[in-house]
Structures are given as C-alpha cells and as structure tokens.
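Hello,

Here is the structure we talked about. My notes on it follow below.

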Amino acid sequence: MKGSYFNLREWSIILILALSGTLFNLYFPFKAMAESLHLPGPAAGTAIFGGLMFVVWISLGRKLTEKRYGGITVAVLFASFSILLRPWYGILSPSFFSIYAIMALFVLGVWIEVFQGRMELIGGGLGNLSCLGITWLAFGIHLDRWPPTEYVSLLLSSSFLSGAAGVLLARFVENFFRRAFITK
C-alpha cells in the first residue's frame, strides 16, 4: 500500500497555512481598508491586498513543503475552510456561489505551481489576477455587479503587483523560518 504524497510534517504545514490564512482573512478588515481608499467593488480588497490575503499563504505552502501541489493543496483547503466559516463574500444566493472561492483559489494555486522558481513573481501576479477575474465574473454573472470601467485598469494592475508582492513576502517568511527553525 502506498502512503500519502505529503508526510505528516508537510500536512501540518499545509493545514496550518490554510487555517491561518482563513482566520487572517476572516478577522482582518480588508474590505473596510479598500473602502477607505474609495475603491469600488466588487472585490477591490482582493485587487489591492490579494497578495497578503491569499498569495503569501499559498506560495508559502509550495515553498515550505518543497513539493509540487503543496500550493494547490493549501489553496483548496484555504477556500474550503473559508466557506465553512462564512459564505464567499457573504453571498447566500445563488446557493452555489461559494464554489467560486474554490475555483478562484485553485487557479491561483495552479499559477503559483506553474511559475515556481525564477519566475514565481509572475505566477503570484497572474494568480491574483485570475482570482480577481473569477470573482468579478461570479459577481457579474450572478449578481449583475461589475467593477466600474474607469477603475478596471487600476484594479487589474494593482492585483498583479499585489500578487507579486505576496510572493516576495512569502520568500521573506520562508527564509526567516528556515534560519530560525531548520538547522543544518
């Protein structure tokens, strides 16, 4: 019988990151911060702070497990834990709206995995852009709420930069943990 792809240490990292990211997003006022900047939604917080909200946790999952699919696994669990605690963006109708959380973060995780290594900043940027795009499509198709056209370019460029910054932050945190807790 073959064992799990991830060992106990790696599963622990994945679960801690997914739960930490979920709780961080649940209690940190990203929406209020975006509103204080007078940026219209939907999902302006993801556009501006997505690197901190999502990318850093998913990128850390890939980096700290040092295995393919570590980031995707964190992403799917992150989305799952989030919708267990609260519907995606608090939207209850249509009832399947929270499925977009899993799709958006899964795609973000795929971009992180695909560009892992020298081009990981691009992966973080494209991942956050994709997450934002999927969320915008969900809002637009089901709720007829689209971002104002005059803000789209700003929000898209901010989203890419935020995603890239999330990868940079993940690098910093990874280096800190490796120096502090891993001895050679």
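**What was found**

Residues 24 or more positions apart account for 75% of the contacts with a separation of 6 or more in the protein, where contact means heavy atoms within 4.5 Å.

This is a predicted model, in which local features need pLDDT of at least 70, side-chain atom pairs count only at pLDDT 80 or more, and totals for chains, interfaces and linings use all residues. Residues are numbered from 1 along each chain as its sequence is written, and side-chain values use heavy atoms, with hydrogens and water left out.

The protein has seven helices and zero strands; these are DSSP runs, with helices (H or I) of at least four residues and strands (E) of at least two, numbered from the N terminus.

The radius of gyration is 16 Å, which agrees with the value near 16 Å for a compact globule of 184 residues. That radius is taken over C-alpha atoms, and the globule rule is 2.2 Å times the number of residues to the power 0.38. Along the principal axes, the C-alpha atoms fill a box of roughly 50 × 35 × 30 Å.

Of the 184 residues, 46% are buried (under 20% relative accessible area, with a 1.4 Å probe and protein chains only).

Which residues of H5 are buried? They are Tyr100, Ala101, Ala104, Leu105, Leu108, Gly109, Ile112 and Glu113. An α-helix has 3.6 residues a turn, so residues three or four places apart point the same way. The cover over the buried residues of H5 includes helices H3 (44-65), H4 (70-85), H6 (120-143) and H7 (149-181).

Regards

Notes. Buried < 20%, exposed > 50% of the residue type's maximum accessible area, 1.4 Å probe, protein only.
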